[in-house]
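Here is a short briefing on one protein model. Keep the structure open while you read.

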Amino acid sequence: MVYRDFPLNAPAIMAAQIANCTANEQGNEKYFSLLGTFFEKQSEWAFDKDFSGKLIAISEASGLKKEAIETCLNDKTLETKILEGAKIAAEKLGVKSTPTVFVNGENVGTVNSAAVIKDAIKTISSGKTLEQEKQEAAKNLTGIQDSDLVLGEKSAPVTIIEYSNITCPYRDWE
């Protein structure tokens with residue numbers, strides 16, 4: 001698994017800088033350990049007015065020295081690298097929110113469940129693309145069903161299926 005930062009606010013940028021700096025100095029194992037700690041303690045720092053102080057305290061409790069943390073936070077090259085990576089992900093890959101997941105280069109989308117990722121892996125491992133899976137599902141769901149209420153002939157050469165909310169403005173299809 002590859003983790004890439006896509007910070008959406010100042011606290012996330014700060015956490016990304018500390019974690020990335022830690023990786024540069026202490027390796028991947030420490031990076032993922034610290035990243036896990038940041039996620040576990042997110043409610044303690046991410047939405048606090050003093051997110052900076054809280055994040056530094058969490059980092060120190062994880063074994064980092066305050067001087068090293070401050071050096072990381074003052075590293076404008078690292079900050080620019082993180083923000084440029086996010087910009088490229090947004091512009092070139094269409095990443096808009098987090099967590100956005102790709103499996104073998106295919107955009108699974110924004111997911112909040114391991115089951116969604118497992119399903120994507122299963123589909124891709126079977127030799128299908130996620131788009132093919134979607135199209136097959138659409139074909140199964142967009143044919144006329146016995147229970148459908150139909151306006152016009154069921155045997156028409158074109159079938160239009162509209163999913164609608166009855167509180168949305170009415171469309172006159174004539």
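The model is predicted. Helix H5 (residues 66-73) packs against H1 (residues 10-26) and also against H4 (residues 51-61). The largest pocket holds about 1500 Å³ of space. A cis peptide bond sits between Thr 98 and Pro 99.

**H1 with H5**

- The axes of H1 and H5 lie 9 Å apart, at an angle of about 115°.
- Angles of 65 to 115 degrees count as roughly perpendicular, so H1 and H5 are roughly perpendicular to each other.
- Their crossing is right-handed.
- H1 brings Met 14, Gln 17, Ile 18, Cys 21 and Glu 25 to the contact. H5 answers with Ala 68, Ile 69, Cys 72 and Leu 73.
- By class, the contact residues of H1 and H5 are seven nonpolar, one polar and one charged.

**H4 with H5**

- H4 and H5 pack with axes 10 Å apart, at an angle of about 130°.
- H4 and H5 are therefore oblique to each other.
- The crossing of H4 and H5 is right-handed.
- On the H4 side, the contact uses Ile 56, Ser 59 and Glu 60. On the H5 side, it uses Lys 66, Ile 69 and Leu 73.
- The contact residues of H4 and H5 split into three nonpolar, one polar and two charged.
- Ile 69 and Leu 73 of H5 take part in the contact with H1 and in the contact with H4.

**The largest pocket**

- About 1500 Å³ of space lies in this pocket.
- The lining has 44 residues. Those closest to the centre of the pocket are Tyr 3, Arg 4, Asp 5, Phe 6 and Thr 98.
- H1, H2 (28-40), H3 (42-45), H6 (76-93) and strand E1 (100-103) each give two or more residues to the lining.
- The lining residues comprise 32 nonpolar, nine polar and three charged.

**Backbone features**

- Most peptide bonds are trans, and most residues other than glycine have a negative phi.
- The bond joining Thr 98 and Pro 99 is cis, with omega about -5°.
- Pro 99 lies in the loop between H6 and E1.
- Asn 104 is not a glycine, yet its phi is positive, near 50°.
- Asn 104 belongs to the loop between E1 and strand E2 (106-110).

Note on methods. Residues numbered from 1 in each chain as written. Predicted model: local features only at pLDDT ≥ 70, side-chain atom pairs only at ≥ 80, totals over all residues. Heavy atoms only, no water. Axes fitted to C-alpha atoms, helices over the stretch in contact; angles between N-to-C directions. Helix = DSSP H or I, 4+ residues; strand = E, 2+ residues; numbered from the N terminus. Parallel < 35°, antiparallel > 145°, perpendicular 65-115°, else oblique. Left-handed = near helix turned anticlockwise from the far one by under 90°. Contact = heavy atoms within 4.5 Å. Nonpolar A, V, L, I, M, F, W, Y, C, P; charged D, E, K, R; others polar. 1 Å grid on protein atoms, 1.4 Å probe; cavity = no way out; pocket = protein on both sides within 12 Å on 5 of 7 lines; lining within 4 Å. Points joined across faces, edges and corners; volume = space filled by probe spheres on them.
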